[in-house]
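Work through the exercises below with the sequence and the model in view. Try each task before reading its solution.

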Amino acid sequence: MNNIKLNHCSKTLSDRRMKKISYQVQGSAKEPYNITIALDGTNISCICDCPAGSKGSHCKHWMLVFEGGKQKYIGLDENQIAEIQSWLPGSNLDEPWQEFNKIKDQEKQLMAEIKERKKEITKKFKVAMRG
């Protein structure tokens with residue numbers, strides 16, 4: 001049973017037992033936010049007490065851990081970050097995470113196109129004003 005693979009994940013079933021990592025992030029508030037990321041089989045749960053997280057929404061404080069983003073972590077080291085990131089492939093968050101990243105890539109492309117279009121329109125304003 002230890003050799004059964006989970007989807008495209010390199011982890012075996014025995015590696016996917018219940019795990020939990022808690023830490024803090026110094027966000028915009030005076031007090032740091034408390035975050036807990038837990039793995040139970042292939043299910044990841046992420047809890048943060050920031051305003052967005054308190055409403056049950058995703059928040060940047062736990063999402064940046066999966067992205068490898070820089071934050072002011074308290075009680076979280078690079079090994080724990082790598083461990084948390086290793087939970088994502090084959091988990092319940094894997095597919096929505098991939099979709100989220102595709103949308104972010106599309107957003108970057110659209111923002112670049114908008115920026116270029118604004119330059120073109122600005123040139124037209126300059127020509128029109130010389131008139």
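**Exercise 1: a helix and its neighbours**

Task: List the buried residues of helix H2 (residues 60-67) and find what they pack against.

Solution: Step 1. His61, Trp62, Met63, Val65 and Phe66 are the buried residues of H2; buried means under 20% relative accessible area, exposed over 50% and partly exposed in between, with a 1.4 Å probe and protein chains only. Helices (H or I, at least four residues) and strands (E, at least two) are DSSP runs, numbered from the N terminus.

Step 1. These buried residues pack against strands E1 (19-25), E2 (33-40), E3 (43-48) and E4 (73-74), and against helices H3 (78-87) and H4. Contact here means heavy atoms within 4.5 Å.

Step 2. After H2 comes glycine 68, with a positive phi near 80°.

The model is predicted: local features need pLDDT of at least 70, side-chain atom pairs count only at pLDDT 80 or more, and totals for chains, interfaces and linings use all residues. Residues are numbered from 1 along each chain as its sequence is written, and side-chain values use heavy atoms, leaving out hydrogens and water.

**Exercise 2: the whole chain**

Task: Give the order of helices and strands along the sequence.

Solution: The chain has four helices and four strands, in the pattern β-β-β-α-α-β-α-α. Of its 131 residues, 27% count as buried.
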